[in-house]
Amino acid sequence: MSEIVILDYGSGNLRSAERAVARAGADVTVTADWDAALAADGLVVPGVGAFAACMAGLRSVRGDQIIGRRLAGGRPVLGICVGMQILFTKGIEHGVTAEGCDEWPGTVDRLDAPVVPHMGWNTVDVPEGSVLFRGLEGARFYFVHSYAVRRWELEPDPTGVIEPPLVTWAEHGDRFVAAVENGPLCAAQFHPEKSGDAGAELLRNWLTTLA
């Protein structure tokens with residue numbers, strides 16, 4: 001059974017995420033402990049609310065360093081909702097720019113849609129070869145957000161040696177990044193823990209990548 005840490009940095013639906021990952025078949029601990037977060041088979045980084053506040057909370061427990069160290073060693077990380085957004089270079093909310101973890105280039109900004117927030121169930125456009133969405137073609141997932149990454153900015157490796165990330169898209173007014181699979185780093189803008197059977201299957205799929 002995989003040992004998973006849900007990173008507790010004062011943001012996110014911690015108990016919902018804990019229950020969902022446990023139901024998917026993992027041994028789950030909710031903690032901000034440095035050693036435990038580094039040693040776990042997988043780290044889940046949840047997040048709700050404002051980008052800047054999440055980053056402040058993350059830095060207060062050295063979560064940005066934990067993420068960086070895990071990825072440097074090829075250790076899996078899964079970001080959820082704002083926990084996905086903070087993996088990008090920066091977020092802009094109400095005219096205020098905050099720096100993110102910069103694991104991927106890109107900007108989180110307000111959705112360009114008639115109705116914001118984007119709240120409710122939506123389908124996603126999954127790329128070929130996805131492991132996270134295996135067996136979930138046509139499934140719907142639960143979103144609650146007003147901000148997103150609307151342009152993927154990571155340039156392909158010119159040598160072709162490094163495989164490009166698999167980017168899943170969704171639409172609400174315009175297109176935005178709904179999920180990313182990039183080696184040990186995966187993320188979802190929607191909430192798997194609130195997405196019923198589809199979300200549970202996605203979490204099980206993620207757990208299969210930890211072996």
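Two strands pair if DSSP finds at least two bridges between them. The views below come from a predicted model.

**View 1. Strand 11 pairs with strand 12.** Strand 11 covers residues 166-172 and strand 12 covers residues 174-182; the two run antiparallel and are joined by seven bridges. One of the residues to look for is glutamate 171, whose bridge partner in strand 12 is arginine 175. The hairpin of these strands has one residue between them, and glycine 173 there takes a positive phi near 80 degrees.

**View 2. Strand 12 also pairs with strand 13.** Strand 13 (residues 185-188) runs antiparallel to strand 12, with four bridges between them. Valine 180 stands opposite alanine 187 of strand 13. In this hairpin two residues lie between the strands, and glycine 183 has a positive phi near 60 degrees.

View 3. Helix 1 spans residues 14-23, and its residues Leu14, Ala17, Ala20 and Val21 are buried. Just after helix 1 comes glycine 25, with a positive phi of about 115 degrees.

**View 4. Phe141 in the largest nonpolar core.** This core has 70 residues, of which Ile86 and Phe141 touch the most other members. Leaving out residues up to four places away in sequence, phenylalanine 141 touches several residues, including Trp121, Val124, Phe133, Leu136, Phe190 and Leu202. Gly120, Asn122 and Ser195 are also among the residues that phenylalanine 141 touches.

Definitions and conventions. Residues are numbered from 1 along each chain as its sequence is written. This is a predicted model: local features need pLDDT of at least 70, side-chain atom pairs count only at pLDDT 80 or more; totals for chains, interfaces and linings use all residues. Side-chain values use heavy atoms; hydrogens and water are left out. A nonpolar core is a set of buried Ala, Val, Leu, Ile, Met, Phe, Trp, Tyr and Cys residues joined through side-chain atoms within 4.5 Å. Buried means under 20% relative accessible area, exposed over 50%, partly exposed in between (1.4 Å probe, protein chains only). Contact means heavy atoms within 4.5 Å.
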